[in-house]
Amino acid sequence: MARFAVRRLLQAVLVLLVLAAVLYAVFYLAPGDAARLACGPKCSTATVAQIREQMGLNDPVYVQFWHFLQGILAGHDYSTGAGTLHCAAPCLGQSYRTGDLVSHIIAERLPATASLALGAMVLWLAIGIGTGLLSALRRGTIVERLLTGFTLVGVATPVFITGILLLLLFCSWLQWLPYPTYVPLTDDPQQWAWNLLLPWLALALVEAAKYARLTRSSMLETLAEDHIRTFRAYGVREGAIVRRHALRGALTPVIALSALDLGTMFGGALLTETLFGIPGLGQQLVQSVQLKDLPVVVGIVLVMGLAVVVANAVADVVYAVADRRVVLT
């Protein structure tokens, strides 16, 4: 198991290096003058040339990329004219528009996105797995038909429609909840959870439909396998078969999918963040793209990629714990 975990870790590091190289090539080597973007349209040619020299854009490409990696691993020093600004590792650059360090911008926005993603994940796993399991165990009954209809509606409904309906129902018509306003967890845990309840539900209801379908199909497939029929032939109780054998085998694909969804949720919850006014990474990414603030765009995309890679590496290890045959492959 330890060798398997180390192998997955090395693969994750390699993927991150490739991702960093691709991002650097796409954003910094694309047509356009990064020095002009950093200086602004009213800068003189001499000022742009000076900034290009300060940014190291006159160096060969491989040197520029090495400095980019060096900043991530060991930090970087930026000249401010009046002095030097030290950016501690992991240093992802300096915003062209505000001059703020990208790592500070991400650190301010990341807790909101993490709160949204992790809370929604807990809900969609609970709702999705519970619904899928019940649907599989009640196959052919009215319960299965109702739950199948629920999953179809959930898959077909966009998240912003679900969010709007939740706002209208709970905030406007029933007035059970106030309109959400993000409150940091460190300020007031109760208000943090209370204001994130509707955003969590909006994401969870859409994602839970997918997990319900996956859990149901995996459960039905597992229950039809030969070893399950053998357990039944030996008189093992149905509850024990489901808990100890069928459920464990049926949840292995759910583990892999949940890790991938959690990683992509860190940058893919833009509509939910916009609808509920959550100051997360998605909102910041769109603003930075509109302003052509390349360091912020690269930093956020790199963090999103890191979330996906780490989540999948953890999922591989958990998957291997659930199914020991994976370690042997």
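Select Ser103 to begin; in this predicted model its relative accessibility is 18%, and because buried means under 20%, Ser103 counts as buried. Ser103 lies in helix α5, which covers residues 102-137. Display the residues around Ser103, leaving aside those up to four places away in sequence: the ones that Ser103 touches are Cys87 and Pro90.

**The disulfide**

Select Cys87 together with Cys91 and show their side chains: the two form a disulfide, with sulfur atoms 2.3 Å apart. A disulfide is a covalent bond between the sulfur atoms of two cysteines. The angle about the S-S bond is 115°, and the link of Cys87 and Cys91 is right-handed. Both Cys87 and Cys91 are buried. How many disulfides does a search of the whole structure find? The search finds one. A further cysteine to select is Cys171, which is buried with a relative accessible area of 7%.

**The two domains**

Now colour residues 1-102 as domain 1 and residues 103-322 as domain 2, the two parts into which the chain is divided. Taken over C-alpha atoms, the centres of domain 1 and domain 2 are separated by 33 Å. Select the residues where the domains meet: 26 residues of domain 1 are in contact with 24 residues of domain 2. The size of an interface is often given as the accessible area lost when the parts come together. Between domain 1 and domain 2 the buried area is about 2,200 Å², and carbon and sulfur atoms give 79% of that area. How many salt bridges are there between domain 1 and domain 2? The count is zero.

**The annotated segments**

An unreviewed UniProt entry carries the annotation "transmembrane region" for residues 116-137, 149-176, 192-209, 254-276 and 296-322. Select residues 116-137 from that annotation: the chain there is 100% helix and 0% strand, with its end C-alpha atoms 31 Å apart. Move on to residues 149-176, where the chain is 82% helix and 0% strand and the end C-alpha atoms are 27 Å apart.

Side chains of opposite charge can pair when their charged atoms come close. Select Glu144 and Arg216, whose side chains meet in a salt bridge at 2.3 Å, N to O. This pair links distant parts of the chain, 72 residues apart: Glu144 is in helix α6 (residues 142-156) and Arg216 is in helix α8 (residues 189-223). Glu144 is buried, with a relative accessible area of 10%, whereas Arg216, at 24% relative accessibility, counts as partly exposed.

Stay in helix α8 and select Glu207 and Lys210, which are three residues apart and therefore separated by about one helical turn. Their side chains meet in a salt bridge at 3.1 Å, N to O. Glu207 counts as buried at 14% relative accessibility; Lys210 is partly exposed, with a relative accessible area of 31%.

Next, select Glu238 and Arg232, which form a salt bridge with the closest N and O atoms 2.8 Å apart. Both partners are partly exposed: Glu238 has a relative accessible area of 38%, and Arg232 has a relative accessibility of 35%.

**Helix α13**

Finish at helix α13, residues 281-291, and select its buried residues: Leu281, Gly282, Gln283, Gln284, Leu285 and Ser288.

Notes: Residues numbered from 1 in each chain as written. Predicted model: local features only at pLDDT ≥ 70, side-chain atom pairs only at ≥ 80, totals over all residues. Heavy atoms only, no water. Helix = DSSP H or I, 4+ residues; strand = E, 2+ residues; numbered from the N terminus. Buried < 20%, exposed > 50% of the residue type's maximum accessible area, 1.4 Å probe, protein only. Contact = heavy atoms within 4.5 Å. Disulfide = S-S within 2.5 Å. UniProt positions renumbered as here; feature names shortened; annotations may be inferred. Domains from an automatic or database assignment. Buried area = accessible area lost by both parts, 1.4 Å probe. Salt bridge = Lys/Arg side-chain N within 4 Å of Asp/Glu carboxyl O.
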